Amino acid sequence: MNINVKILRFDPEKDRKQHWETYQVEASPGDRVLDVINHVKWYIDPSLTFRRSCAHGICGSDAMLINGRNRLACKTLLQDVVKDGGTITAEPIRGLKVEKDLLVDMEPFFDAYRSIMPYFINDNPAPAAERLQSPEDAERMDHGSNCILCACCTTSCPIFWVNGSYIGPAAIVQAHRFIFDTRDAATQQRLNVMNQNTGVWRCRTAYNCTEACPRDIPITQLIEEVKRAVMYQQA
Amino acid sequence: MHHRYDVLVVGAGGAGLMAALYAAKGNVSVACISKLYPTRSHTGAAQGGVGAALGNVAEDHWEWHMYDTIKGGDYLTDQDAAEIFAKDVIEAVYELEHMGLPFSRTEEGKIAQRKFGGHTREFGKAAVERSCYAKDRTGHMILQTLYQQNVKEGTTFFNEFHVLDLIIENGRCSGVVAYELSTGEIHTFHAKAVILAAGGYGRIFKITSNALTLTGDLMSIYYRKGLPLEDMEFYQFHPTGLTKLGILVTEGIRGEGGILRNKDGERFMERYAPTLKDLAPRDIVSRSIYTEIREGRGVGPDKDAVNIDLTHLPRDVIENKLSEITDLSRTYLGLDPVKDLVPIQPTAHYAMGGIPTTIDGECIADDNGTLIEGLYAAGEQACVSLHGANRLGTNSLGDLIVFGRRSGINAAKYARGTELAEMPENPEVESRALIENLKNADGSENAARIRKELQETMMNNVGIFRNGPDMEKQVEILRELRARYQHVNVQDPSQRFNSELVEALELGFMLDCAEAMTHSALNRTESRGAHDREDFHTRDDVNWLKHTMAYKDFSQPGNVRIGYKPVVFKDAADGEYESLTTYTPAEAAGFKFPPKPRTF
């Protein structure tokens, strides 16, 4: 099939503002959006800039706005977003500074991540073997630990767009993973962080995050669970 | 810009993050350079688990794991490395658990374990549950957990920095030169010790499970200095990649009971490996699949795949324990493993070879075992050699944590006892020249086209089945591609985020890795592990029980000089380790694990 790939371009050394460029590409319905964007870079305009690595949805590098929705370019097949002769659009994810073309400044996103103490805390001496945990308790971390930090959720959140100091859904998902880990000993500190004015109460349950997540994490539900834990001061 | 650290780690996957963590515990200043953001590293793509003889599900012993690793490696494994590994990986897995890694659990609350290819009880009697797993995203959990711990320890990260050169003078490494993607600036990192842990180079093949960023940068940089790459001919094709795409389908699906079937629905592995069947080591399963395809029993439009069958497994096993791969086959093939057969084909997956190191991670400079002071390597980048001629499934994650940790500890120890070595006056001169050449070339060639040709020809001529004439042809193809590479020109003039420049640099690194691999494979006139010669079909212990050391021969572009390094064996009588220089059956009889014909 033949499709048009319309990309929002920006070169910080040349352009004063973003502008659209359209490229014609021959592709197969089963191709990934990343494949056609790579094709543009490799054979049409090598200056096109974006992040990518694993190309199968596990590294979280290539989050972008495809046809107006946050997705991973490597996990979106053409057949799901465009017909023969049609057009797909690709824009940088929103709410983070655009550095060049589809590449944004990820530092604020990782700052929010780092602010929630994203690491296991338990200072009691560890046993010689593993700490025991029931399969049911382990399952409570299933969704939270599935996150790949791609930023699809946070950059689809209207609250984050308006107020960048909100830590955003991805950071709360990470916090959830530790708050609901029965082995972790810092629940209280974690709940205090979530209770700050940059924390969980900013969420207005717009559900954009849940819809955007390429790993099908029920993010809004996890945020609600964290809110309840803060309210009742227990996980 | 100029930076100074006691220990500098290059690469932020499992090995690099483990090394950084342990170096930091050694009271030295540590920084970690990555060409990605750390959580993007390809360790995250590992699915099935990390093998360790915990015995949580069935009786197990580290000796059995050691033996399986050696036999899986077709006796090219250095046995001292295998012993350290099989013992240490048990403690290392507990340590990951203590760092909070969310492992799947047994009913008693212990770390869950499942079967995996080549892992057996009682020295090959039957498959054993040894793979410790977190659903089918174990690598993702290891990467996340180790990054989290580094955040906790306050490790300094330089993200999206591309290393262009190692600074080595008079047998001592004093740092690296790196290109900062966001500014185009060249940085020099002055360090007492440098640890290389930047992963493999699967992108030299057309069908691969590897990330687009796995281009062998640091192996190539090492090789360009006239230093050796060990056992480059041994490259693992994972049996099960999603057809056409090469995306990894975990061996855990066979560990959980998945069955490979040809077009007739036959469970063909019963013919090739009567005891372990679908759970034979990867080299054997991949060759069996290709044999089925060659003999006309493949599936799919091009008859170039076989099916993996999970339809007899309970839905909750597939959706819960194998959720990642269920998602991948639904997303990319529109197939649901609960009710559909999923077509797979072997995919280029893992380099057994790489930068030669000692069991303490120290880099080796020549056939005599001379060390480069202050330089360490770990993970897929390194060749310890734990994996010999073929790596067992799960042993890559085990390798990362065991030898990442060892190199971190040893680098910190070395750094504590030494001063910064003097740097040459303009250490970045060659790196600047590398970039200038790419910006000023005549531009008659396109990097992407050369890369595509490299990937297709390597797949055809140096893939699963190899022979002399095809590889000789590939040697000439590589010379031609190298000559054409000189004409590649970077058109994007920008300083900031010049990803075109980066891709062009990476192509140069890939050409080196392909060259070292092809020459090493052409030179080894036997079949062993993942290296299968149609013209030399058997293993030849008398002549080839030795490691290959490939050196760039600067007399002419594209030339390679081959040297050798002995294999380490354990003596059965005194338990001491000895380097095997010449093989005789009498001497081999005295080994604890002597080379034997490999049946499964």
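Guide: Let us begin with the contact between the chains. Two residues are in contact if their C-beta atoms, placed from the backbone, lie within 7 Å. In this predicted model, 41 residues of chain B are in contact with 41 residues of chain A. Residues are numbered from 1 along each chain as its sequence is written, and chains are lettered from A in the order in which they are written. Local features need pLDDT of at least 70 and side-chain atom pairs count only at pLDDT 80 or more, while totals for chains, interfaces and linings use all residues.

Visitor: Which elements give two or more residues to the side of chain B that touches chain A?

Guide: Helices (H or I, at least four residues) and strands (E, at least two) are DSSP runs, numbered from the N terminus. Here the elements are helices H3 (79–98), H4 (138–153), H10 (323–333) and H15 of chain B. H4(B) gives the most, with six residues.

Visitor: How should I read a sheet?

Guide: Strands of a sheet pair through backbone hydrogen bonds, either parallel or antiparallel. Two strands count as paired if DSSP finds at least two bridges between them. In chain A, five strands form an open sheet of mixed pairing, in the order E2-E1-E5-E3-E4. Strands E2 (19–26) and E4 (69–72) of chain A are the edges, each pairing on one side only. Strands E3 (residues 63–66) and E5 (residues 87–91) of chain A run antiparallel and are joined by two bridges. A:Ile66 has A:Ala90 as its bridge partner in E5(A).

Visitor: Why is helix H5 of chain B largely enclosed by the rest of the structure?

Guide: A residue is buried if 20 or more other C-beta atoms lie within 10 Å of its own, exposed if 12 or fewer, and partly exposed in between. Helix H5 (residues 217–224) of chain B is largely enclosed because seven of its eight residues are buried. Among them are B:Asp217, B:Leu218 and B:Tyr223. Just after H5(B), B:Gly226 takes a positive phi of about 85°.

Visitor: Which residues touch the most other members of the largest nonpolar core?

Guide: A nonpolar core is a set of buried Ala, Val, Leu, Ile, Met, Phe, Trp, Tyr and Cys residues joined through C-beta atoms within 7 Å. Of the 268 residues in the largest one, B:Val7, B:Val10 and B:Ile195 touch the most other members. Helix H15 (residues 499–523) of chain B supplies the largest share of this core, 14 residues.
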